[in-house]
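Hi everyone, thanks for making time today.

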Amino acid sequence: MTLAALAERIGARDMFVLRFVDEGRLVNVDGFGRGAGWAGNLTVRPDAESWPAEALQAGLLRARSGLPERIFGPYWSTEAVGVATEHGLVVFGGPGMAGKPDELLRQIADEAASRVEEVPVAKRLADELEVSQAALAIATLRPGDIEEIAVEIANRAAEALSCEFGALLLTGSPPRLFLASEGWRPPAGDEEIIAAILPLAQAVRDGLLVEQDVSCSSFPYHPLAFDDGLVARAVVPLGADGKRGVLVVAHAADAPRGFTSLCQRVLVAIARATDPVLDGALAAPNPARA
C-alpha cells in the first residue's frame, strides 16, 4: 500500500514520516500532503521541540485546538497525532485525527515507516530546480525604475514561497517601503509598517531570520504582529550585512504554515539575485525626476 493510500485510509490530510538520521535529529523523508511536499526539507530536533519530544516519550500524543496552532517546525494544524515508531516518528494531521483509535494509528504509522527510508531522488532534484527558478525569476526582471522593480521583487518572493505578504524595505534616509501588489495588507500606513520592519532589519545583519510562530516573536510590533493576522515570518538582508535593506515574507492566519528549509533556501537565493537588479534600478535615470 502506498503512502497516499495509507494516509487516505486513516483520513489524514497530511502525514509526515520522520526518521532519525542521528541521535538528536529527525528528518521528514516522505509522507502525504505537506509530508510529501516537505520531504527532505523539514528537520526536527526533539531537544528543541517540545511536542515531538513528548510524542516520542509517550509513544502516542494527540493535539487538538479550536484554531490552527503550530505543532512542530513549520507545521500548523487544528488536530494532529504523533506516533513513535522503531526508527522515528510519524505525524498525522488534519480534521478528525485526534479522534482516531490508538490501534489504527499505530498500525498505519508502522506501515508508513516501513515503506520509506530516505528522501526520493526525484524530490531532491525538484527542490534544486525550485531554488534555481526562483533566483532566475528575479535575475531576469526587465529593467525598470526602482518602484516597479522593488514591487515586482516583493511580488515574486511572496509567490515563490506561497506567502500572503511580501515587502521590500530600503533602509536609506528616508527608508522606502514597497509592498507586494496582491495578498494580505495591514490596515496601516507606510510609516507604521516601516516602524515595524526596522527592528527586523537590525536583527538580520548576520543573516536570515525565521519566525515559525509570530505569537512568540521578539518583534511583536503592530501592524505586522500575530494579533494583526500574521502567523509566521521570514526576513532576509539585502546587500552586504543588510546595509541596503530587507525582504520580508509572511504567512497569514487564513493559510497558516511556517518555512521549511527549502523555503529558506529559496528566499536566500532570491535575496542574492536581488542585489544586482536593485543596483541597476537605482542607477537608472528616473524620468519623473528629470
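This is a predicted model: local features need pLDDT of at least 70, side-chain atom pairs count only at pLDDT 80 or more; totals for chains, interfaces and linings use all residues.

Is E49 buried or exposed? With a relative accessible area of 13%, E49 is buried, because the cut-off for buried is under 20%. Leaving aside residues up to four places away in sequence, E49 touches V44, R70, F72 and G73.

One of those contacts, G73, takes us to a hairpin. β4 and β5 form this hairpin, with two residues between the strands, and G73 has a positive phi near 50 degrees there. The two strands run antiparallel and are joined by eight bridges. If you want a pair to look for, R62 has V81 in β5 as its bridge partner.

Now let's step back to the sheet. In what order do the six strands of the open sheet come? The order is β3-β2-β1-β6-β5-β4, and the pairing is antiparallel. At the edges stand β3 and β4 (60-72); each has a single partner strand, so one side of each has no neighbour in the sheet. As a reminder, strands of a sheet pair through backbone hydrogen bonds, either parallel or antiparallel.

Let's go through some of the other pairings. β2 and β3 run antiparallel and are joined by two bridges, and V27 has T43 in β3 as its bridge partner. β1 and β2 pair over seven bridges, again in the antiparallel sense. These two strands make a hairpin with two residues between them, and D22 stands opposite R25 in β2. On to β1 (residues 14-22) and β6 (residues 88-93): six bridges hold this antiparallel pair, with D14 opposite G93 in β6.

What about the helices? α3 packs on the sheet, where it touches β1, β2, β3, β4, β5 (75-84) and β6. The direction of α3 makes about 150 degrees with that of β4. Helix α1 (residues 3-10) lies across β1, β2 (25-32) and β6, and runs at about 85 degrees to β2. As for β2 itself, the strand is mostly covered, with six of its eight residues buried.

α1 also has a helix partner. In general, two packed helices are described by the angle between their axes and the distance between the axes. For α1 and α4 (residues 102-114), the angle is about 175 degrees and the axes are 10 Å apart. The two helices are therefore roughly antiparallel to each other. Which residues meet here? From α1 we have L3, L6, R9 and I10, and from α4 we have L104, L105, Q107, I108, E111 and A112. Sorted by type, the residues of this contact are seven nonpolar, one polar and two charged.

One last stop: the cysteines. C216 counts as exposed, at 60% relative accessibility. C263, on the other hand, counts as buried because its relative accessibility is 9%. The cysteine sulfur closest to that of C263 is in C163, at 7.2 Å, which is too far for a bond.

That's the tour, and I'm happy to go back to any part of it.

Key: Residues are numbered from 1 along each chain as its sequence is written. Side-chain values use heavy atoms; hydrogens and water are left out. Buried means under 20% relative accessible area, exposed over 50%, partly exposed in between (1.4 Å probe, protein chains only). A disulfide is a pair of cysteine sulfur atoms within 2.5 Å. Contact means heavy atoms within 4.5 Å. Two strands pair if DSSP finds at least two bridges between them. Helices (H or I, at least four residues) and strands (E, at least two) are DSSP runs, numbered from the N terminus. Axes are lines fitted to C-alpha atoms, for helices over the stretch in contact, and angles run from 0 to 180 degrees between N-to-C directions. Angles under 35 degrees count as roughly parallel, over 145 as roughly antiparallel, 65 to 115 as roughly perpendicular and the rest as oblique. Ala, Val, Leu, Ile, Met, Phe, Trp, Tyr, Cys and Pro count as nonpolar, Asp, Glu, Lys and Arg as charged, and the others, Gly among them, as polar.
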